[in-house]
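I opened the model to look up a few backbone and sheet features. My entries follow in the order I made them.

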Amino acid sequence: MSFDVAAEAYDSFMGRFSMPLADIFVDWARLPTSGRALDVGCGTGALTAVLAHRFGETEVAGVEPSASFVDATAARFPWADIRHGTAEQLPFDDHLFTATLAQLVVHFMTDAAAGVREMVRVTRPGGVVAACVWDVENDRAPHAVFLAAAHAETGGSLEAPRIGTRRGDLRRLLEGAGCRDVEDGEISVTSGYRGFDEWWASQTLKVGPSAVALAGLDDDGIARVRAATRAHWPDGPFTVTGTAWVARGVAP
């Protein structure tokens, strides 16, 4: 999945959810109060910001495969250790962090099991490893309405569910990577829009899964998707809720 877009586009599309989600996620994960923390797939820095506040910016690291996101996050957090890389080959030594987290990332890993094993590898024994991913299984991701309408118009086959988007996936990944005392659950966050036009504009910025949702549609087809989604939302301001699966474990 490509996120080769400007940081501003991602923030408009998903940042309005990922930023408040990061606070809830970190609270739920019950992290250690000291040591170093790693943000795997740090994107534009939503989770990095929360970790920097809790641990101190010099004690936070991040890794991200999108060069534009690396640049944006490094600029926002100049004292943090932000590196270009992938979850499957984290560019860090063994047992370096007391907390290693991945927010809205596991389902985009090329090999989720390998990525989570790497998260465990770089975490000190007794440290916390945690992840969260939108609940795509039950259409509870914040962009679910847009994707459903676009799919109905294109008539294409549904993409196979990505690992992490279904109940129990994250628990199984953490347990498979050797974590003990694994817990899982769900967390939710809500964001408001001034009206439909603002919502539609954010959905069509070609970020992540939405980048290909309208591929192949002509102007009339896109207009039908717009009309279908417009019928879903009320007039005037409205809110959208996203719900994510979440899991935490203790590194062996």
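Is H95 buried, partly exposed or exposed? I noted first that the model is predicted. I then looked up H95 and found a relative accessible area of 43%. H95 therefore counts as partly exposed, since that class lies between under 20% for buried and over 50% for exposed. I placed H95 in the loop between β3 and β4. Its phi is positive, at about 55°, although H95 is not a glycine.

I turned to D139, which also has a positive phi of about 55° and is not a glycine. I found D139 in the loop between β5 and α5 (144-154).

I read an open sheet of 7 strands with mixed pairing, in the order β3-β2-β1-β4-β5-β7-β6. β3 (81-84) and β6 (180-193) are the edge strands; each has a single partner strand, so one side of each has no neighbour in the sheet. On average, neighbouring strands here are turned by 20° against each other, direction ignored.

Strands β4 (residues 97-103) and β5 (residues 123-134) run parallel and are joined by 6 bridges. For A102 I found the bridge partner A131 in β5.

Last, I checked helix α6 (residues 169-176). I found α6 packed on the sheet, where the helix touches β5, β6 and β7 (238-250). The direction of α6 makes about 25° with that of β7.

Note on methods:
Residues numbered from 1 in each chain as written. Predicted model: local features only at pLDDT ≥ 70, side-chain atom pairs only at ≥ 80, totals over all residues. Heavy atoms only, no water. Pairing = 2+ DSSP bridges. Helix = DSSP H or I, 4+ residues; strand = E, 2+ residues; numbered from the N terminus. Axes fitted to C-alpha atoms, helices over the stretch in contact; angles between N-to-C directions. Contact = heavy atoms within 4.5 Å. Buried < 20%, exposed > 50% of the residue type's maximum accessible area, 1.4 Å probe, protein only.
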